[in-house]
Amino acid sequence: MDGKTFTGGTDISATRRIRDFPMDTAAARRTEDDESDMPDAVRKAENAVAALAESFLEWIGDDISRARTALDAAGARAGDNPDELRAIFEVMHNVKGQGGSFGYGLLTDIAGSLCDYIRQGGGAADEKQLKVIAAHFIALDFVLEKNIQGDGGDIGVQLKAKLDKLIANVPPPA
């Protein structure tokens with residue numbers, strides 16, 4: 001930029017450019033030794049997130065158990081179970097939102113797949129559709145049992161491919 005104006009036409013002739021101001025980038029770098037300089041609010045927030053992360057597996061397991069109870073009830077009413085599917089959807093929607101926040105991207109992907117499957121049809125599930133839903137629960141259990149974090153690498157790819165194949169062969173609940 002050579003002249004005195006930005007694209008919008010603002011006159012900057014009396015304004016110094018950013019590069020004319022010396023910048024102290026050391027203040028932007030935080031080291032482990034500088035934690036004493038960290039504001040209390042930031043430190044408290046980081047500690048709170050760390051505490052939540054430690055209990056994440058416990059309470060996400062409880063949520064999935066609650067959804068499994070709804071799946072069992074849906075199985076007892078195959079073809080007439082929209083309320084149970086809604087309950088499963090609500091829990092899985094929460095799992096989908098929370099998994100990635102705590103480093104379990106594969107958990108998020110599996111729960112998202114199940115949400116999409118249930119949402120597409122929006123109705124009741126028959127026995128074949130309930131098996132697809134149950135396969136998602138098996139995948140979720142595997143991820144939690146093996147403590148698979150992130151996207152799961154090759155195992156994650158394989159799990160998602162198997163679920164995708166099931167979904168392709170069994171249309172969503174209608």
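When I say contact, I mean heavy atoms within 4.5 Å. Keep that in mind for the packing of helix α3. And a reminder: this is a predicted model.

Let's start with α3, residues 105-121. Its buried residues pack against α1 (40-76), α2, α4 (127-145) and α5 (153-169). Which residues of α3 are buried? They are L106, L107, T108, I110, A111, G112, S113, L114, C115, Y117 and I118.

Now the geometry of α3. It has 17 residues, so at 1.5 Å a residue it should span 24 Å. The C-alpha atoms at its ends are 25 Å apart, which agrees. Just after α3 comes G122, with a positive phi of about 70°.

Step back to the whole protein. There are five helices and zero strands. Along the sequence the pattern reads α-α-α-α-α. Of the 174 residues, 30% count as buried. Take contacts between residues at least 6 apart in sequence: 70% of them join residues at least 24 apart.

On to charges. The structure holds nine salt bridges. I'll walk through some of them.

One is D63 with R66, with the closest N and O atoms 3.1 Å apart. Both sit in helix α1, three residues apart, so about one helical turn separates them. D63 has a relative accessible area of 14%, so it is buried. R66, at 48%, counts as partly exposed.

Another is D141 with R68, where the closest N and O atoms are 2.5 Å apart. D141 lies in α4 and R68 in α1, so this pair ties together parts that are 73 residues apart in sequence. Both partners are partly exposed: D141 at 30% relative accessibility, R68 at 24%.

Last, a network. Salt bridges link R77, D80 and E84. In the R77 to D80 bridge, the closest N and O atoms are 3.5 Å apart. R77 is partly exposed at 37% relative accessibility. D80 is partly exposed too, at 46%.

What about E84: buried or exposed? Buried, because its relative accessible area is 12%, and the cut-off for buried is under 20%. E84 sits in helix α2, residues 82-99. Which residues does E84 touch, leaving aside neighbours within four places in sequence? A70, A73, A74 and R77.

Definitions and conventions. Residues are numbered from 1 along each chain as its sequence is written. This is a predicted model: local features need pLDDT of at least 70, side-chain atom pairs count only at pLDDT 80 or more; totals for chains, interfaces and linings use all residues. Side-chain values use heavy atoms; hydrogens and water are left out. Helices (H or I, at least four residues) and strands (E, at least two) are DSSP runs, numbered from the N terminus. Buried means under 20% relative accessible area, exposed over 50%, partly exposed in between (1.4 Å probe, protein chains only). The expected span of a helix is 1.5 Å times one less than its number of residues. A salt bridge is a side-chain nitrogen of Lys or Arg within 4 Å of a carboxyl oxygen of Asp or Glu.
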